[in-house]
Amino acid sequence: MQAIAEQNATTVQNLLTAFEGESNAHAKYLAFAVKADADGWLGAASLFRAAGRAEQIHAANHARVIKQLGGEAKCTIHRVEVNTTLENLKTALAGEQYEVATMYPGFLAEAEERKNTAAIRTFKGALEAEKTHARLYGEAIALLAGDKKDSWIATTRTFYVCPVCGYTSETEKEHERCPVCNCPWERFESIR
Ligand SMILES: [Fe+2]
Ligand SMILES: [Fe+2]
């Protein structure tokens, strides 16, 4: 295995932290989706699956850069604590908010300082997707807390996920191309 160059040590450490976060978010959201389906909050289950797929794409992108920089993408997957769907949505929102407000901006600043374009690209892609996830989880929490059984939260719903950067949309064709990475919209995955 190639060694990690000293000037990349912090970037690799940040990528590993993000890789662990995304890998665990993926596992967590899939478990939350099962619970949401069982509770009849089918739209929330769809959202968990779509966001989970996005986190899996982020983890794979981070892993690729870790390897490019001579590191090894390994992490621990923790046991998922599944609560009520409302609690699970709040847990998911808190995670997304932390990533949007703190984790990714910090990691991005470090990668920019190092002019590491691969790390910048993977952190930026994740940051943009997490903003949408936070918005959608916030919407879901309001609907579920209001017991809005006549809204999307109670019906299986299709979300559209960019296979390259994980950008997540609730609109079948929002743009011609992914607004974050320019991937053609035809390649987006439908997740329900
Ligand atoms: Fe996310
Ligand atoms: Fe994209």
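The expected span of a helix is 1.5 Å times one less than its number of residues. The exercises below apply to a predicted model.

**Exercise 1. Helix H1**

Task: Find how the span of helix H1 compares with the expected one, and state what phi Gly 40 takes just after the helix.

Solution. 
Step 1. Helix H1 covers residues 9-39, which is 31 residues.
Step 2. From its first C-alpha to its last, H1 reaches 45 Å.
Step 3. The expected value at 1.5 Å a residue is 45 Å, and the span of H1 is close to it.
Step 4. Just after H1 comes Gly 40, with a positive phi of about 85°.

**Exercise 2. The iron ion (ligand 2)**

Task: Name the protein donors of the iron ion (ligand 2), decide the geometry of the site, and explain which parts of the chain Cys 162 and Cys 178 tie together.

Solution. 
Step 1. The donors are the SG atoms of Cys 162, Cys 165, Cys 178 and Cys 181, and they lie 2.3 Å from the ion.
Step 2. Along the chain, these donors of ligand 2 follow the spacing C-x2-C-x12-C-x2-C.
Step 3. Four donors count as tetrahedral if all angles lie between 85 and 135 degrees. The angles among the four donor atoms of ligand 2 are 100 to 116°, and the site is tetrahedral.
Step 4. Cys 162 lies in the loop between strand E1 (159-161) and strand E2 (168-169), while Cys 178 lies in the loop between E2 and strand E3 (189-191), so the pair ties together parts that are 16 residues apart in sequence.
Step 5. Buried means under 20% relative accessible area. Cys 162 counts as buried because its relative accessibility is 0%, and Cys 178 is buried too. Cys 181 has a relative accessible area of 29% and is therefore partly exposed.
Step 6. The structure holds zero disulfides.

**Exercise 3. The iron ion (ligand 1)**

Task: List the donors of the iron ion (ligand 1), and decide whether Glu 55 and Glu 130 are buried or exposed.

Solution. 
Step 1. Ligand 1 is coordinated by Glu 55 (OE), Glu 96 (OE), Glu 96 (OE), Glu 130 (OE) and His 133 (ND1). The distances are 1.9 to 2.4 Å.
Step 2. The donor residues of ligand 1 have the sequence spacing E-x40-E-x33-E-x2-H.
Step 3. Glu 55 is in helix H2 (residues 42-68) and Glu 130 is in helix H4, so this pair ties together parts that are 75 residues apart in sequence.
Step 4. Glu 55 counts as buried because its relative accessibility is 0%. Glu 130 also has 0% relative accessibility and counts as buried.

**Exercise 4. Thr 132**

Task: Locate Thr 132 and state which residues it touches, not counting residues up to four places away in sequence.

Solution. 
Step 1. Thr 132 belongs to helix H4 (residues 117-145).
Step 2. With 8% relative accessibility, Thr 132 counts as buried.
Step 3. Leaving out residues up to four places away in sequence, Thr 132 touches Tyr 167 and Thr 168.

How values were computed:
Residues numbered from 1 in each chain as written. Chains lettered and ligands numbered in written order. Predicted model: local features only at pLDDT ≥ 70, side-chain atom pairs only at ≥ 80, totals over all residues. Heavy atoms only, no water. Helix = DSSP H or I, 4+ residues; strand = E, 2+ residues; numbered from the N terminus. Donors = N, O, S within 2.8 Å, 3.2 Å for Na, K, Ca; no water. Tetrahedral: all angles 85-135°; square planar, octahedral: opposite > 155°, others 65-115°. Buried < 20%, exposed > 50% of the residue type's maximum accessible area, 1.4 Å probe, protein only. Contact = heavy atoms within 4.5 Å. Disulfide = S-S within 2.5 Å.
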